[in-house]
Amino acid sequence: MAKVYIKTYGCQMNERDSEQVAQMLLDRGHVITTHEAEADVVLLNTCSVRDLAEQKALGKMGMLGALSRQRPVVYGFLGCMAQSRGASLLKEVPHLDLVVGTQKFHRVADYVDEVWQRKLHARFDDVRFTIIDVEEERGSQNTIRDHLTAGRPVSAFVSIMQGCNMHCTFCIVPYTRGAERSRPIPEVVEEVRRLVEQGVREVTLLGQIVNLYGRHEFPKLEDKSPFVQLLEAVHEVEGLQRLRFTSPHPIGFRQDLLAAFGYLPKLVEHIHLPLQSGSNRILKAMHRTYTAEKYLSLVEEIRSTTPGMAITTDVIVGFPGETDEDYGRTRALVDQIGFDNAFVFKYSPRKDTPAAVMAAQVSEPVKEARNHDLLGVVNAWAKRRAGAFVGQKVEILCEGPSKTNPHRLSGRTRGNKIAVFEGNERLIGRLVDLEVEHSTGYTLYGRVEAAI
Ligand code: SF4
């Protein structure tokens, strides 16, 4: 039995993959520890979306190398950086034992056992033993099954597809996660059913372009896309109270999906809809295949079909060639739409992506200034949107103790706003009515009226 420390960088998809790895290791009799100093196995599930995330993971692995001076320790990089850098990581981190790519998470427990046993029985003359597996694997999307719902056991992520074929010019995902592959509807439904049996009340369906789920594998039925068919099937699971998804692409966000919000009551009123830029010239260079006008009219349609819909987004500032005028268009559109929240990223060149070698890379100080300026717009809107709830009654799914104050409970609104309130632990996993008393930007505070 080994004590396994897993650290996750990056997106929710990575969190979900780490949960799967944790569950597989628990099934083998290992234990998961949150204390890195006592670990026998160190697994870092990595992100390649920005250089900073890669540097953090490399730095952490370098630092944790000291543990093996006291006892045998297995060190592994998993996920996106493992996929994109492969064996070259051994040069940077000589004590590394495992490099396991994004289509091989289901093999991690085998590999850990193999290396761990060898290390335990190692003799001085043993040659160094490393495992590198970054091969593509047909059907790997169907290996995503049970997982530990650590942290927020009331709410779980469910990966419904892997990979992306969109090839946005700034994005490394098509290289690290491969081509689009979707899991069959019955398998996803079965996973959700098992999660609900374990106490989960809310699931978030995950995919890089989630609304395009199944487009290569499954047919449209009665004019409904495979994704809407999946939403309907998951919605049927008894005991499930809320259904979310992230992230859709503005392309392919069609009438059938807009309509689904009207007849699937568990489908909550929140859409995270990446914008990336408000300049058509930059959108084209990004290969985003929609215009700012199209994006805006989609937002207007969403809001008129489902009043009160919370809309959040991602925006990149400082993409190669972005002029002050381009940035000004992004700023104006973000302000016009008034998002509930937005993640603003400074463009970071990624190896082997077309944008990394584009002319007119924007300087760091300019990126920094635009980032700072746009965050001002985003934060002002977030505050305004959250402030509109003060004095209102909202439905919260109570998730557990608040991260910032364990004596209070926290949960989320249907629109994904965090709420913090006092209450008995018996409320965890239940829907409650919250009377909102005040808000600070992204968080609502109030009194629980009654459990629903
Ligand atoms: S849609 Fe674009 S940004 Fe999103 S994962 Fe695919 S290539 Fe990357």
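These legends describe close-up views of a predicted model. Local features need pLDDT of at least 70 and side-chain atom pairs pLDDT 80 or more, while totals for chains, interfaces and linings use all residues. Residues are numbered from 1 along each chain as its sequence is written, and side-chain values use heavy atoms, without hydrogens and water.

**View 1. Helix 11 packs against helix 12.** A292, Y295, L296, V299 and R303 of helix 11 meet L333, Q336 and I337 of helix 12 (contact means heavy atoms within 4.5 Å).

**View 2. Helix 7 packs against helix 8.** Helix 7 (residues 185–197) and helix 8 (residues 226–235) lie at an angle of about 35°, with axes 10 Å apart. From helix 7, I185, V188, V189 and V192 take part in the contact; from helix 8, P226, Q229, L230, A233 and V234 do.

**View 3. An open sheet has 3 strands in the order 12-13-14.** The pairing is parallel (strands are DSSP runs of E with at least two residues, and two strands pair if DSSP finds at least two bridges between them). Strand 12 (270–272) and strand 14 (341–346) each have a single partner strand, so one side of each lacks a neighbour in the sheet. Strand 13 (residues 310–317) is joined to strand 14 by 6 bridges. V317 has K346 in strand 14 as its bridge partner.

Definitions and conventions
Axes are lines fitted to C-alpha atoms, for helices over the stretch in contact, and angles run from 0 to 180 degrees between N-to-C directions. Helices (H or I, at least four residues) and strands (E, at least two) are DSSP runs, numbered from the N terminus.
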